[in-house]
Amino acid sequence: MLTEWFTHLTTACPPLVRKLGYLRESIAIRSRYRRCKTAWQPHLESSQAALLESLHACSDFRTALVFGSGLLLDIPLSELATRFENVWLVDLIHLPEVRRAARRYANVRCLSCDITGFLEQMEALSPNNLNLPPPASFLDNPAVDWVASVNLLSQLPLLPLDWLRKRFPGIDEVLLEEWSTQLMRQHLDYLAAFAAPACLLADMEQTTYEQNGEVIEHADFAAILDFEHQALAQWRWDIAPPGEIASGIGRFHRVAAVTMKCGRN
Ligand SMILES: C[S@@+](CC[C@H](N)C(=O)[O-])C[C@H]1O[C@@H](n2cnc3c(N)ncnc32)[C@H](O)[C@@H]1O
């Protein structure tokens, strides 16, 4: 608790990012990881292996862009720093230990960036117009030779939705659901728009279950997104072993690694 509070006070972070809860969430993920380390390990190893496997699609190794780099738990940072001339870690939040880890490599940079454009547009949004322009950051950089979106897709709408509900009390939940699907689709289109191989690691399904194995909730994100894909690899992530979210309740995700079609290949 004390460590969390200390990190909250000492992490450099734009006020709006802090206000929306990104710093709080990042600290919460770190705490959950510390509690669930053993259960998460296979997922983290599979994620790193899939990212390395996807490098076979690269013909040049100038700049690697990593979206949702977060705590770097699922990123093979040392291998990426060896293979690429530059590695750019893109996230809204880089905790102090992440910045320290990045500083060990002369060619790794932490970039603070909202890859949805929500923060820039949020004050102009209204229930009658929730449209966000398609994201375009980095698309014009010809030196980008590989892009990764790492366990980020399903997270993209969560804090923006909290803000929209507070800002527009009583806003239609169906509208918000459509908006959230649209935001995730825009991210998929964004990845596909790069003239470089892009590897998406994302939750395709989420299952919540009772300790006796009975399923109490199931969400199929791939179906909601109408996202047809051929997975490079798939695995189960025991994101919340029984007891983590509630007594006797557990949750796992089906994660897939997908190579997005790109202009160059
Ligand atoms: C579940 S974490 C990904 C796990 C991360 N790869 C790790 O190893 O810790 C999702 C990350 O996405 C970031 N994120 C969420 N929305 C974002 C946005 N709009 N732009 C950039 N990063 C975002 C969060 O700050 C968080 O670090």
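User: Leaving aside its neighbours within four places in sequence, which residues is Thr11 in contact with?

Analyst: Some ground rules before that. This is a predicted model, so local features need pLDDT of at least 70 and side-chain atom pairs count only at pLDDT 80 or more, while totals for chains, interfaces and linings use all residues. Residues are numbered from 1 along each chain as its sequence is written, and side-chain values use heavy atoms, with hydrogens and water left out.

Now, contact means heavy atoms within 4.5 Å. Setting aside neighbours within four places in sequence, Thr11 is in contact with Arg18, Leu23, His94, Leu95 and Pro96.

User: Where does Thr11 lie, and is Thr11 buried or exposed?

Analyst: Helices (H or I, at least four residues) and strands (E, at least two) are DSSP runs, numbered from the N terminus. Thr11 sits in the loop between helix H1 (2-10) and helix H2 (15-20). As for burial, buried means under 20% relative accessible area, exposed over 50%, and partly exposed in between, with a 1.4 Å probe and protein chains only. Thr11 has a relative accessible area of 3%, so Thr11 is buried.

User: What does the side chain of Thr11 reach?

Analyst: That's a polar contact: a pair of N or O atoms within 3.5 Å; within protein, one must be able to donate a hydrogen and the other to accept it, and residues adjacent in sequence count only if both atoms are side-chain atoms. Here the Thr11 side chain reaches the backbone oxygen of Thr7 at 2.7 Å.

User: Which side chain does Arg30 make a polar contact with?

Analyst: With the side chain of Glu97, at 3.0 Å. Arg30 is in helix H3 (residues 22-54) and counts as buried because its relative accessible area is 6%. Beyond neighbours within four places in sequence, Arg30 is in contact with Thr3, Glu4, Thr7, Leu71, Leu95 and Glu97.

User: What is Gln186 up to, and where is its place?

Analyst: Gln186 is in helix H8, and its side chain reaches the backbone oxygen of Leu132 at 3.0 Å. Not counting residues up to four places away in sequence, Gln186 touches Leu132, Pro133, Pro134 and Pro135. At a relative accessible area of 13%, Gln186 is buried.

User: How many aromatic pairs are there, and how do I read one?

Analyst: In general, a pair of aromatic rings is described by the distance of the centres and the angle of the planes. Rings of Phe, Tyr and Trp (its six-membered ring) pair if their centres lie within 6.5 Å; planes under 30 degrees apart count as stacked, over 60 as edge-to-face and the rest as tilted. A search of the whole structure finds 12 aromatic pairs. Take Phe67 and Tyr190: their ring centres are 5.5 Å apart and their planes are at 25°, so the pair is stacked. This pair links distant parts of the chain, with Phe67 in strand E1 (residues 63-67) and Tyr190 in helix H8 (residues 173-193), 123 residues apart. Phe67 is buried at a relative accessible area of 0%, and Tyr190 is buried at 2%. Ring pairs also link Phe67, Trp88, Phe138, Tyr190 and Phe194 into a cluster.

User: What is the phi of Phe138?

Analyst: The general idea is that most residues other than glycine have a negative phi. Phe138 has a positive phi of about 75° although it is not a glycine. You'll find Phe138 in the loop between H6 and strand E4 (144-150). Leu72 is another non-glycine residue with a positive phi, near 65°, and belongs to the loop between E1 and helix H4 (77-83).

User: Which residues come nearest to the ligand?

Analyst: A residue is near a molecule if one of its heavy atoms lies within 4 Å of it. Of the 20 residues around the ligand, Gly68, Leu73, Asp74, Asp91 and Asp114 come nearest. A polar side-chain atom of Asp74 lies 2.7 Å from a ligand nitrogen. For Asp91, an N or O atom in the side chain is 2.6 Å from a ligand oxygen. Leu71 uses a polar backbone atom, which is 2.8 Å from an oxygen atom of the ligand.
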